[in-house]
Amino acid sequence: MKKLKTRTFSGTTNAALSEREKLGMDIAREAAAAGIVLLKNENNILPIAKGSKIALYGIGAANTFKGGTGSGDVNERQSVSIFEGLKNAGYIITNEAQAKESVEFYKKAREAWRDDILKKCEGKDGAEFFIIYSTNPFSVPENKQSITKTDTDTAIYVVSRVAGEGADRHNKKGDFLLTEAEEKELDSICSLYEKVVVVLNTGGVMDLSPLDKYPNIYGIINLGQAGMEGGNALSDIVSGEVNPSGKLAASWAFKYEDYPNASEFSHNNGNVNQEYYNEGIYVGYRYFDSFNIPVRYGFGFGLSYTDFSVEFEGIKEEKGKGVILDVRVKNTGKVAGREVIQVYVSCPEGKLEKERRRLAAFKKTELLAAGEEKDYSLAIPFDVLTSYNEDEPGWMLEKGLYGFYVGNSLGSSVLKAIMELDADVITEKTMHICKPEKPVEEYKVNSKLVEERKTEIKKLAETLPVVRIKAESIAVKETKYLSNEELAAAEEIELVKSLSEEQIKKLATGDPGRAQEESALGSAGISVPGSASETSHCAENKGIAGIVLADGPAGLRLNRYYFVRDGKMVPMSFMFSLEGGLLVPDADKTEGERFYQYCTAFPVGTVLAQTWDEEVVRKVGQHVAKEMVEFGVTLWLAPGMNIQRNPLCGRNFEYYSEDPFITGKIAAAMTGGVQSVKGCGTTVKHFACNNNEDNRMGCDSILSERALREIYLKGFGIAIKEAQPMSIMTSYNKINGIHAANNYDLCTNVARNEFGFKGMIMTDWTTTHNGTDCTAAGCIRAGNDAVMPGCEDDQINLTEELASGKLQKTALEACVSRLVRCVLQSNEYEEA
């Protein structure tokens, strides 16, 4: 039997900044700078020399949002604002007094919002509180300061927005649109200052059309929500200390109405019970590119302070696997910088309609000096080129010409090579999953447009390099579908069979007895205050530890501090784990010895994806794991992998992209980083189609099997196959009528049988608390191993269904065996 660690109080009584914190800040700053996207730089307004005078405006200048709200928040020691970052870099802020005044103004607005939330929550429990909190988000207050000319010709204006878990955004002023006050501020600034730079401190896309009125807005920087070091990272970009190399991972349209499903998304059509995915596979750039809809800033776009040439060098077959493209990148400018090679593919249209182009490969270069060049090889496996054919059913390569476009963005990519396949191939035979009750009406591209593109590629193919592939050389995979019981963990199942039925039920339902508050959403752990939950400690006599789970995805979300009195932790409200403790204003009056748990607040998921840099993301993951070890956490409830289907999704900031390929690759890199530290694991989430927040527990995502597989499951498949995360979290929503948590197709047929997942699957928090159509026993039947955070009703449900025979004990044992396998791999043992 493995020896369990003796758990002590997490954190430290030493309030001083630790070396681990310093390292985390350095990595957060590096990642943030790599993910900042330079959108506009006319007249070379940027970089701006250090020591220059700058007028700085916007409520977010001194009150910069590091991330969004809800379980994706992090309670760091302190964050660096844009004002502080520019000051740290040596810039002279000509209206410094205004910036300082705005801090107090913002603080009062936050306190007023807090008091309103607390008043609405009087007498409510944890779950009710969270609903009130998430549906009444803090709104950026309007700046009441006057704007006057100062001693400089250069001004920076910061536009800030915040969103979060539990509520979607709105296409209205103060959210997707600028407010009248913001437009007036811009008008004043642009009339007073010769040169203006706008910084976007937002978690997602906004309407930037009002900026078009001002020709002297020479620069636009998409900072995003860049974590605790965001202010310093921005100053690195502004000064040129770091040459911007970030690229957009989502398309920025000219106006909201340009997006597919714009009028039908979430609350826009008044129906939050059903969400129809009528756009099918045409999500994000796949829609704009295929339907010839112009955008303001396209997918993969981002400027640099230098110039690069990205030259195609050749294509060759990788026998039986795919093709390899050779590319040479040269820095043709005057300063060192990094570039992102991007390869897109157009697939032939035969039996299946296709998007015009899809991302097939990318590579971020190392820092190239002025004049330096380097060769790169990008492998493109056949499965990246497949489309799903519901009639077979299976993944298919169609006969014809595959065109490879090479560049540094979708818009700049040029057709450079062709792969010609001599016959259709079903590369993977599957069974049907999650079929809708009736066919979903989906967008169709104009047939004339399709034919014009076919003709164009055929014509260009006559002058381009072609690699010819024989269909017979491509291996065909036929998935063997095993049952939940057959997929039990082989070594651990015997240990599970030795447990009592009560122990097995408890292991399958978290550890509600250790919760800080009944039904506490996302903060039900007590061994590590502020952690999300724990698995049961009921079988420690058999060597099965209880493990701690903590939220993400921008870092660990734990309480900043907690108190110990008479040798025991002092219970603290769930609310203290949110908003840096703002919602519990009298926390400091608690008696006892204080233990500190400061964690690193990294850039949000969207900013990390904008790095297009798997290595820097892996480095972030390694540091998160370092903190997991320090605080005694086994599973990090991250990364968030849902597709940014619509810019109004309240939780888009947590997610990587509108594209499943880059989503999967970045998630695999993050998982690889975390799990390079023994005993630490990631939890890829929310599986699947959690693409809106309004009524997220009851909304039914209605979509075709093809769209589900190609867009919303593809990224999960990449992450699982490449990195084998320790766990998966299912989503709250239904998919074609069945809750994801109770969905056998998702949990067993797709995750385990098709993707080869070996870890533990868990529910999202309180999934089973909202009616009889999603139950604990239903989770177990689906192959969903752990019902989190667990409550007495879940155990009663399991007891009743076991007794009635509706739930087989062998199914429960299979689920618990996989949980036990995860536990035995954890850092809760001396050997870890």
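These legends accompany close-up views of a predicted model.

**View A. Helices α1 and α6 meet at an angle of about 50°.** Here we look at helix α1 (residues 19–35) together with helix α6 (residues 230–239), whose axes are 8 Å apart. The two helices are therefore oblique to each other, and their crossing is right-handed. On the α1 side, R29, A32 and A33 make the contact, while α6 brings N232, A233, S235, D236 and I237. Sorted by class, this contact has 4 nonpolar, 2 polar and 2 charged residues.

**View B. Helices α13 and α14 pack at an angle of about 30°.** Helix α13 covers residues 660–674 and helix α14 covers residues 705–723, with 8 Å between their axes. That angle makes α13 roughly parallel to α14. The crossing is right-handed. To find the contact, look on α13 for P660, F661, G664, K665, A667, A668, T671 and G672, and on α14 for E710, I711, K714, G715, I718, A719, E722 and A723. By class, the residues in this contact are 8 nonpolar, 4 polar and 4 charged.

**View C. Domain 1 is in contact with domain 4.** The domain assignment gives domain 1 as 35–100 + 145–242 and domain 4 as 559–596. Taken over C-alpha atoms, the centres of these two domains are separated by 34 Å. The contact involves 6 residues of domain 1 and 6 residues of domain 4. About 450 Å² is buried between the two domains, with carbon and sulfur atoms giving 35% of that area. On the domain 1 side, keep an eye on D73, N75 and E76: these residues lose the most area to domain 4, together 74% of what that side buries.

**View D. A cis peptide bond joins E392 and P393.** Omega for this bond is about -10°. P393 sits in the loop between β13 (387–389) and β14 (394–397). As a reminder, most peptide bonds are trans.

**View E. A cis peptide bond runs from A638 to P639.** Its omega is near 5°.

**View F. N292 has a positive phi.** The value is near 60°, in a residue other than glycine. Most residues other than glycine have a negative phi. You will find N292 in the loop between α7 (285–290) and β8 (308–318).

Notes. Residues are numbered from 1 along each chain as its sequence is written. This is a predicted model: local features need pLDDT of at least 70, side-chain atom pairs count only at pLDDT 80 or more; totals for chains, interfaces and linings use all residues. Side-chain values use heavy atoms; hydrogens and water are left out. Axes are lines fitted to C-alpha atoms, for helices over the stretch in contact, and angles run from 0 to 180 degrees between N-to-C directions. Helices (H or I, at least four residues) and strands (E, at least two) are DSSP runs, numbered from the N terminus. Angles under 35 degrees count as roughly parallel, over 145 as roughly antiparallel, 65 to 115 as roughly perpendicular and the rest as oblique. A crossing is left-handed if the near helix is turned anticlockwise from the far one by less than a right angle, and right-handed if clockwise. Contact means heavy atoms within 4.5 Å. Ala, Val, Leu, Ile, Met, Phe, Trp, Tyr, Cys and Pro count as nonpolar, Asp, Glu, Lys and Arg as charged, and the others, Gly among them, as polar. Domain bounds come from an automatic or database domain assignment. Buried area is the accessible area (1.4 Å probe) that two parts lose on being put together, summed over both.
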